[in-house]
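Visitor: I would like to learn how to read pockets and aromatic contacts in a model like this one. Could we go through it feature by feature?

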Amino acid sequence: MMGLGLILIALALLLWNEHRAIDYATALQKQGPAVLDLGDQGRPSAGQYGSLTRVSGLPKIIDAPHDKEFGVRADSPLLVRHVEMFQWREITVGGETHYELDWVDRPVDAARFAKPAGHANPGAFPIQGRQFEAGEVRLGNFRLSTPIIRAFPGRMTVPPDEQHLPANFAATFQRAGDYLVTSGKPEHPRLGDLRVSWEAVPLQSMTVLARIDGELLAPGEAQGTNPGFEVQVGERTLRDVLPALPEAPTAVMTLRVLAGLLASFGVLFLAAGSRVKGDPLFALGVGAVVVTATGGLLWVTHDAMASSVWALMAVLGAGLAIWRMQQRPASGGH
């Protein structure tokens with residue numbers, strides 16, 4: 001009775017465990033294409049093309065962005081130059097309009113002012129703001145495409161280095177804190193003065209969800225407001241990046257092994273009065289047949305490949321049991 005009880009417990013455990021695994025696989029299919037959770041150890045390999053993957057870690061800057069005009073470089077995925085001009089602005093509050101000089105990052109058309117007289121602005125900027133991407137950024141063992149690099153969040157100030165200024169700019173600009181300015185007296189700028197500053201994306205641990213294109217991580221298919229990729233700061237799990245993803249059941253393989261061992265002990269008890277009594281390999285083979293044949297039947301309507309693997313394990317278990325039965329008579333003859 002104990003042997004049969006152990007086998008029934010093993011089957012009950014297997015049924016519960018496989019229903020969890022099947023429910024999870026079904027929920028994943030409803031989410032769309034499967035996502036490869038490569039983390040920071042994944043490498044490009046055959047058969048991955050077009051798959052979505054989660055890759056995390058500290059980005060490696062292979063070719064840092066460089067603003068050659070001003071000699072500013074940053075160990076960052078992205079460097080941004082901001083240019084502002086001291087200009088007239090029109091401000092209307094409570095029906096009253098007044099004008100003030102301030103730093104503005106685009107040309108302000110004074111012709112549109114309610115009172116343009118005395119408030120003319122210089123017009124186009126002689127120097128433009130620009131964005132500089134690193135020549136190559138790698139995350140784990142993958143290169144990152146430009147749209148993903150541009151989506152990296154966070155900004156930090158990059159102070160200018162007057163010693164690297166070209167001669168033409170060194171005669172025009174001077175440093176004022178984290179800015180380069182054309183003002184003779186930085187604390188008292190005049191109309192038309194320029195102010196240039198730089199920002200860069202801080203180098204920090206990142207998590208990217210994107211499509212594998214060889215060794216490149218690129219955006220997948222955009223849908224509505226979804227750009228086809230996801231970028232988050234820090235080491236994020238797959239569920240952090242895809243909150244709608246169902247939670248994976250825990251210890252699935254461990255419980256499968258436990259069910260097999262329980263069934264094997266049950267067979268060992270049942271075989272106590274036979275010629276294969278006390279044979280752990282025979283019990284293991286029969287226990288494997290009981291468990292894997294049941295598992296194969298559970299998966300047959302959900303995943304033919306998984307069902308085939310279960311069937312193969314059942315065949316191997318049956319082969320082990322038959323071999324041990326054939327060995328017993330020979331052993332008994334000595």
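Visitor: Which helices each supply at least two residues of the lining of the second largest pocket?

Guide: Bear in mind that this is a predicted model. In it, helix H5 (252-270), helix H6 (280-299) and helix H7 (304-332) each contribute at least two residues to that lining. The second largest pocket has a volume of about 390 Å³, and of the 18 residues that line it, those closest to its centre are Arg-256, Val-291, Thr-292, Trp-310 and Met-313. By residue class, the lining divides into 12 nonpolar, 5 polar and 1 charged.

Visitor: How many aromatic pairs are there, and how is such a pair described?

Guide: Two numbers describe a pair of aromatic rings, namely the distance of the centres and the angle of the planes. Here the count comes to 6 aromatic pairs. One of them joins Tyr-99 and Phe-113, a tilted pair at 5.3 Å centre to centre with 50° between the planes. Tyr-99 belongs to strand S7 (residues 96-104) and Phe-113 to the loop between S7 and strand S8 (130-133), so this pair ties together parts that are 14 residues apart in sequence. Tyr-99 counts as buried because its relative accessibility is 15%, under the 20% cut-off, and Phe-113, at 9%, counts as buried too.

Visitor: What kind of pair do Phe-169 and Phe-173 form?

Guide: Phe-169 and Phe-173 form an edge-to-face pair, 5.6 Å centre to centre with 85° between the planes. Phe-169 is buried at 12% relative accessibility, as is Phe-173 at 6%, and together with Phe-70 and Trp-198 they form one aromatic cluster.

How values were computed
Residues numbered from 1 in each chain as written. Predicted model: local features only at pLDDT ≥ 70, side-chain atom pairs only at ≥ 80, totals over all residues. Heavy atoms only, no water. 1 Å grid on protein atoms, 1.4 Å probe; cavity = no way out; pocket = protein on both sides within 12 Å on 5 of 7 lines; lining within 4 Å. Points joined across faces, edges and corners; volume = space filled by probe spheres on them. Helix = DSSP H or I, 4+ residues; strand = E, 2+ residues; numbered from the N terminus. Nonpolar A, V, L, I, M, F, W, Y, C, P; charged D, E, K, R; others polar. Phe/Tyr/Trp six-rings, centres within 6.5 Å; stacked < 30°, edge-to-face > 60°. Buried < 20%, exposed > 50% of the residue type's maximum accessible area, 1.4 Å probe, protein only.
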